[in-house]
Amino acid sequence: MNRQIQALLAFVALVVATSVLLSARVALQVGYTDALRDQRELRAESELLRNRLAVLDRGAKAFLSRDSVEKAGRERFGLDYLELPVNIGEAAR
């Protein structure tokens with residue numbers, strides 16, 4: 001009887017060990033799949049942020065051009081050129 005209990009316990013231990021090994025492989029595969037999905041999402045977010053940054057950079061460069069600064073000065077502060085200043089050195093020539 002004692003030998004039968006030991007054999008039964010050994011069989012149960014073998015079944016448990018086999019199931020742990022098989023489930024570990026599945027768990028690793030699920031983890032790998034999750035990591036790939038996260039990587040794709042991060043790449044998409046990175047591309048979106050890169051595009052937004054490019055748009056902001058382009059807008060900042062356009063805003064800092066001389067024409068846009070002068071336009072903003074006219075619109076916001078009423079600074080309009082009535083006459084261009086005359087350079088005395090050029091007028092004397």
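Me: In this predicted model, how many residues apart are Asp34 and Arg37 in helix 1, and what does that spacing imply?

Reply: An α-helix has 3.6 residues a turn, so residues three or four places apart point the same way. Asp34 and Arg37 lie three residues apart in helix 1, which means that about one helical turn separates them. Their side chains form a salt bridge, with an N to O distance of 3.0 Å. Asp34 is partly exposed, at 29% relative accessible area, and Arg37 is also partly exposed, at 37%.

Me: How many salt bridges does a search of the whole structure find?

Reply: Side chains of opposite charge can pair when their charged atoms come close. The search of the whole structure returns two salt bridges. Besides the Asp34 and Arg37 pair, the side chains of Arg50 and Glu47 meet at 2.8 Å, N to O. Arg50 and Glu47 are likewise three residues apart in helix 1. Arg50 has a relative accessible area of 48% and Glu47 one of 39%, which counts as partly exposed.

Me: Which residues of helix 2 are buried, and where do they fall around its axis?

Reply: Ser68, Ala72 and Gly73 are the buried residues of helix 2. Viewed down the axis, the buried residues fall within an arc of 140°, so they line one face of the helix. Helix 1 is included in what covers them. The face turned away from the buried side carries exposed Arg66 and Asp67.

Me: Where is confidence highest, and where is it lowest?

Reply: Mean pLDDT is highest in helix 1, at 91, and lowest in helix 3 (residues 88-92), at 57. The protein averages 83, with 86% of the residues scoring at least 70.

Methods:
Residues are numbered from 1 along each chain as its sequence is written. This is a predicted model: local features need pLDDT of at least 70, side-chain atom pairs count only at pLDDT 80 or more; totals for chains, interfaces and linings use all residues. Side-chain values use heavy atoms; hydrogens and water are left out. Buried means under 20% relative accessible area, exposed over 50%, partly exposed in between (1.4 Å probe, protein chains only). Helices (H or I, at least four residues) and strands (E, at least two) are DSSP runs, numbered from the N terminus. The arc is that of the directions from the helix axis to the C-beta atoms. Contact means heavy atoms within 4.5 Å. pLDDT is the predictor's confidence in each residue, from 0 to 100. A salt bridge is a side-chain nitrogen of Lys or Arg within 4 Å of a carboxyl oxygen of Asp or Glu.
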